[in-house]
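Open the model in your viewer and show the side chains.

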Amino acid sequence: LEQRAQALGVHCEPGAMELLVEKCAGDHRQVLAAFDRLITYRLHDKQIGTADVEEVVSAVSSNLHFRLLDKTAERNITECLRLLEYHTLESAEQFVAALARLFSEALRFYHYERGGLTAEEIGRTIAPRPLAGYALKKAMERWRLLLRRYSMAEICNALDALVRADLLVKEQTELSQQKAILTAFYLKLIDSAELKQY
């Protein structure tokens, strides 16, 4: 994306492309389509910032993944279930992976921060690609929120449940079955004590 922007003479604010990829849940087709919309949107001054991504990409269909991650971190399971009921996920398998990353990164963030690492050091260490700027700020907000809403035991139990959910969504190709698996996962989050049985 950065090379494409450079070839078109468009400057991207640090973190803007990372946010775009996250909002599109890493879906290559959706990312490119959203990027093309951003180029058109900012063609007059050839600058793309995180605010532009927030404004333009909010309507992308796979932005559902992004909203579900936020609602999961908030522990707003009722809203998660509502979103699952009324909207179609691009890829349940991809979303389960994003959820697993959310919980595991929050757990690692907790230990890194307690170990004395700075935000910049955590950003360089915690993700496959270094996080910086707005993308790191947004990720830290989500991790901190999740850590306030879930205990360490609940996070570990959620990760165990996500391993099971990951196996199940890979076995099921029907969208209705995949949604049922994700709904079951969220129902377990309502009563985290039940996660051990999932």
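Select Phe 185 and Tyr 186: both are buried, where buried means under 20% relative accessible area, exposed over 50% and partly exposed in between (1.4 Å probe, protein chains only). This is a predicted model, in which local features need pLDDT of at least 70, side-chain atom pairs count only at pLDDT 80 or more, and totals for chains, interfaces and linings use all residues. Residues are numbered from 1 along each chain as its sequence is written, and side-chain values use heavy atoms, with hydrogens and water left out.

Next, select Phe 95, in helix α7; helices (H or I, at least four residues) and strands (E, at least two) are DSSP runs, numbered from the N terminus. Phe 95 has 0% relative accessibility and therefore counts as buried. Leaving aside residues up to four places away in sequence, Phe 95 touches His 65, Leu 68, Leu 69, Leu 89, Leu 182 and Tyr 186; contact means heavy atoms within 4.5 Å.

Now look for ring pairs. Rings of Phe, Tyr and Trp (its six-membered ring) pair if their centres lie within 6.5 Å; planes under 30 degrees apart count as stacked, over 60 as edge-to-face and the rest as tilted. How many aromatic pairs does this rule give? The count is 3. Select Phe 109 and Trp 143: their ring centres are 5.2 Å apart and their planes lie at 35°, so this pair is tilted. Phe 109 belongs to helix α7 (residues 92–114) and Trp 143 to helix α9 (residues 133–149), 34 residues apart. Both Phe 109 and Trp 143 are buried. Return to Phe 185 and Tyr 186: with centres 5.5 Å apart and planes at 70°, the pair is edge-to-face.
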